[in-house]
Amino acid sequence: MNKITMDVFYTQAMDLIDLLEKQEMENMIKAAELCAEAIKNDGVVHIFGSGHSVGFGSECTGRAGSLVPFHMIETNNHFERRANVADKLYDLYDVRPQDVFIVISNSGINGVVIDLAITAKAKGHKIIIITSMKHTLAEPSRHPSGKKLYELGDVVIDNCGPRGDALIETGELEKICSVSSITGIYIAQSLTAEICRILAEDHCDIPLLLSEEVSGYEKFNADLLNQYKGRIS
């Protein structure tokens with residue numbers, strides 16, 4: 001194995017973030033505009049990923065500085081490659097016409113994420129896809145339709161990661177240091193920042209959770225969460 005250090009990982013990971021920022025900024029702005037429009041119209045942004053992609057939803061929800069109308073759809077990873085379950089998943093929630101979906105899958109080829117995107121598109125929702133184009137273009141779809149996730153997006157954000165997700169060459173067959181979680185966090189927080197900018201410039205209320213370390217913010221958060229009761233949990 002070649003010499004691998006944290007410095008090597010840092011350099012390659014930062015290069016990837018720089019590439020993502022330069023290459024995908026326009027798509028991230030378009031995605032933020034869709035989300036901001038939904039929020040202005042009392043909509044919710046539903047976030048769904050399978051496998052390690054569930055981390056994107058966790059990054060966006062339930063913490064100080066997160067947007068309250070972000071809703072993480074949860075499912076067991078056992079269903080990751082299963083098709084024909086998304087209708088049931090969709091019907092579990094109070095989804096309204098103005099709502100937007102963010103669907104995340106590094107590979108973009110597995111059944112349940114494609115299924116949910118097909119269902120949401122058929123219901124008339126705007127869909128934002130986050131995937132690795134290098135990976136998805138190199139693999140066959142596992143969905144009965146033959147479609148891949150990126151084909152269903154109104155906006156597609158390429159996480160710019162390598163095929164297989166692991167970043168660093170070792171000189172052997174294996175590679176190490178998977179990066180889709182890192183790029184996912186960057187995309188998630190970039191979207192939050194841009195959505196807040198749009199809402200502020202349009203003189204709209206920004207429905208953010210506040211840190212409950214500050215006196216009085218607990219009631220503020222409770223009142224805000226109550227506005228979306230039944231829609232984000």
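The protein chain contains seven helices and seven strands, where helices (H or I, at least four residues) and strands (E, at least two) are DSSP runs numbered from the N terminus. The model is a predicted one: local features need pLDDT of at least 70, side-chain atom pairs count only at pLDDT 80 or more, and totals for chains, interfaces and linings use all residues. Residues are numbered from 1 along each chain as its sequence is written, and side-chain values use heavy atoms, with hydrogens and water left out.

Read from the N terminus on, the elements follow the order α-β-α-β-α-β-α-β-α-β-β-β-α-α. The radius of gyration of the protein chain is 18 Å, close to the 17 Å that the globule rule gives for 233 residues, so the chain is as compact as a globular protein of that length. This radius is taken over C-alpha atoms, and the globule rule is 2.2 Å times the number of residues to the power 0.38. Along the principal axes, the C-alpha atoms fill a box of roughly 55 × 40 × 30 Å. Of the 233 residues, 47% count as buried; buried means under 20% relative accessible area, exposed over 50%, and partly exposed in between (1.4 Å probe, protein chains only). Among the contacts with a separation of 6 or more, 77% join residues 24 or more positions apart, a contact being defined by heavy atoms within 4.5 Å.

Five strands form an open sheet in the order β2-β1-β3-β4-β5, with parallel pairing; two strands pair if DSSP finds at least two bridges between them. Its edge strands are β2 (70–72) and β5, each of which pairs on one side only. Neighbouring strands are turned by 20° against each other on average, direction ignored. Helix α1 packs on this sheet and touches β1, β2, β3, β4 and β5, and its direction makes about 140° with that of β5. For such angles, axes are lines fitted to C-alpha atoms, for helices over the stretch in contact, and the angles run from 0 to 180 degrees between N-to-C directions.

Strand β3 pairs with β1 in the parallel sense over five bridges, and with β4 likewise in the parallel sense over five bridges. On the β4 side, Phe101 stands opposite Ile127. Five of the five residues of β3 are buried, so this strand is largely enclosed by the rest of the structure. Both of its faces are covered, with Val100, Ile102 and Ile104 buried on one side and Phe101 and Val103 buried on the other.

Val45 belongs to strand β1 (residues 45–49) and is buried, with a relative accessible area of 0%. Its C-alpha atom is separated by 5.6 Å from that of Phe101, 56 residues apart along the chain. Leaving aside neighbours within four places in sequence, Val45 is in contact with Cys35, Pro69, Phe70, His71, Val100 and Ile102.

In soluble globular proteins, nonpolar side chains tend to be buried together. Here, the largest nonpolar core has 33 residues, of which Phe56, Ile102, Leu191 and Ile195 touch the most other members. A nonpolar core is a set of buried Ala, Val, Leu, Ile, Met, Phe, Trp, Tyr and Cys residues joined through side-chain atoms within 4.5 Å. At least two residues each come from α1 (6–40), β1, α2 (54–60), β3 (100–104), β4 (126–131), β5 (155–158), β6 (166–169) and α6 (180–201). Helix α1 gives the most to this core, with nine residues. Apart from this core lies another, of 20 residues, among them Val95, Leu116, Ile127 and Leu152.

Helix α6 has 22 residues and reaches 31 Å from its first C-alpha to its last, close to the 32 Å expected at 1.5 Å a residue; the expected span is 1.5 Å times one less than the number of residues. Its buried residues include Ile187, Leu191 and Ile195. Not counting residues up to four places away in sequence, Leu191 touches Met28, Ala31, Ala32, Phe56 and Ile102. The helix is followed by His203, whose phi is positive, near 60°.

Arg231 lies in the segment after α7 (217–227) and counts as buried, at 2% relative accessibility. Beyond residues up to four places away in sequence, Arg231 touches Asp42, Gly43, Val44, His46, His71, Asp94, Arg96, Gln98 and Asp99.
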